[in-house]
Amino acid sequence: PKQWSIGECLEHLNMVNAGYLSSMRSVIEKARREKVTGTGPFAYGAIGRWFLKLNEPPVKRRFPAPKAFVPPSQLDRDEVVNRFTGQITEFIELARAADGLHLVKVKVAMPSMSFVRFPLGVTFLFAAAHVRRHLWQARNVRNEKAFPRPAQP
């Protein structure tokens, strides 16, 4: 009762990722038009690296989700999974679209705090870390002793 279900973990990711994907798509298009290009490897600042580290599993510190990203408890499993897999595909497509851009100079606003902007490269890394964080959380739910198991034949 005090933790999210597997579906709620995925729906939270869907909600957050929708914001990231929208922001990333528009900044990538703008950076392409403005030819903000560069070649790596890129070095990211201490704040970006710290932010990434906080989100990598195994999670040592929990944070409450902003209200806008708290998933509803009633979910359609197939819809949630289809949106999640579609968004992962879109992240891959955006990574290809960002190839050749300067991943430090191009900045992306965070969905939950639009006044906070991170380099595009950090945003890709953070989105991946955030997915790993909540898949780790979902795996822990599945591994709970009380988690329903299918009947054995």
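**A buried charge, the core and the salt bridges**

Modeller: Start with Glu8. Glu8 is buried (under 20% relative accessible area; exposed is over 50%, partly exposed in between; 1.4 Å probe, protein chains only). Yet Glu8 has no salt bridge, and the nearest side chain of opposite charge, Arg62, is 10 Å away. A salt bridge here is a side-chain nitrogen of Lys or Arg within 4 Å of a carboxyl oxygen of Asp or Glu. For charge, Lys and Arg count as positive and Asp and Glu as negative; His and the chain ends are not counted.

Colleague: Which residues is Glu8 in contact with, then?

Modeller: Gln3, Pro71, Pro72, Ser73 and Leu75, leaving aside neighbours within four places in sequence. Contact means heavy atoms within 4.5 Å. Glu8 itself lies in helix 1.

Colleague: Before I go on, what sort of model is this?

Modeller: It is a predicted model: local features need pLDDT of at least 70, side-chain atom pairs count only at pLDDT 80 or more, and totals for chains, interfaces and linings use all residues. Residues are numbered from 1 along each chain as its sequence is written, and side-chain values use heavy atoms, with hydrogens and water left out.

Colleague: OK. How many helices and strands are there?

Modeller: Four helices and two strands. From the N terminus the order is α-α-α-β-β-α. Helices (H or I, at least four residues) and strands (E, at least two) are DSSP runs, numbered from the N terminus.

Colleague: Which residues touch the most other members in the largest nonpolar core?

Modeller: Tyr20, Met24, Ile28, Ala98, Leu120 and Phe124, out of 25 residues in that core. Helix 1 (6-33), helix 2 (46-55), helix 3 (77-97) and helix 4 (120-142) each give two or more residues. Helix 1 gives the most, with seven. A nonpolar core is a set of buried Ala, Val, Leu, Ile, Met, Phe, Trp, Tyr and Cys residues joined through side-chain atoms within 4.5 Å.

Colleague: What does Ile28 touch?

Modeller: Leu94, Ala97, Ala98, Leu101, Leu120 and Phe124, not counting residues up to four places away in sequence. Another core of five residues lies apart from the largest one, and includes Leu13, Val80, Phe84 and Val131.

Colleague: Switching to helix 2. Which of its residues are buried?

Modeller: Gly48, Phe51, Leu52, Leu54 and Asn55. Down the helix axis they fall within an arc of 160°, so they line one face of helix 2. That arc is taken from the directions from the helix axis to the C-beta atoms. Ala46 and Lys53 are exposed on the other side. The cover over the buried residues includes strand 2 (117-119) and helix 4.

Colleague: Back to charges. How many salt bridges turn up in the whole structure?

Modeller: Three. Arg83 meets Glu11 at 2.9 Å, N to O. That pair links helix 3 to helix 1, 72 residues apart. Arg83 is partly exposed at 30% relative accessible area, while Glu11 is buried at 8%.

Colleague: And Arg25, which residue does it form a salt bridge with?

Modeller: Glu90, with the closest N and O atoms 2.2 Å apart. Arg25 is in helix 1 and Glu90 in helix 3, so the pair ties together parts 65 residues apart in sequence.

Colleague: What about Arg132?

Modeller: Arg132 pairs with Glu56 at 2.3 Å, N to O. Arg132 lies in helix 4 and Glu56 in the loop between helix 2 and helix 3, so this pair ties together parts 76 residues apart in sequence.
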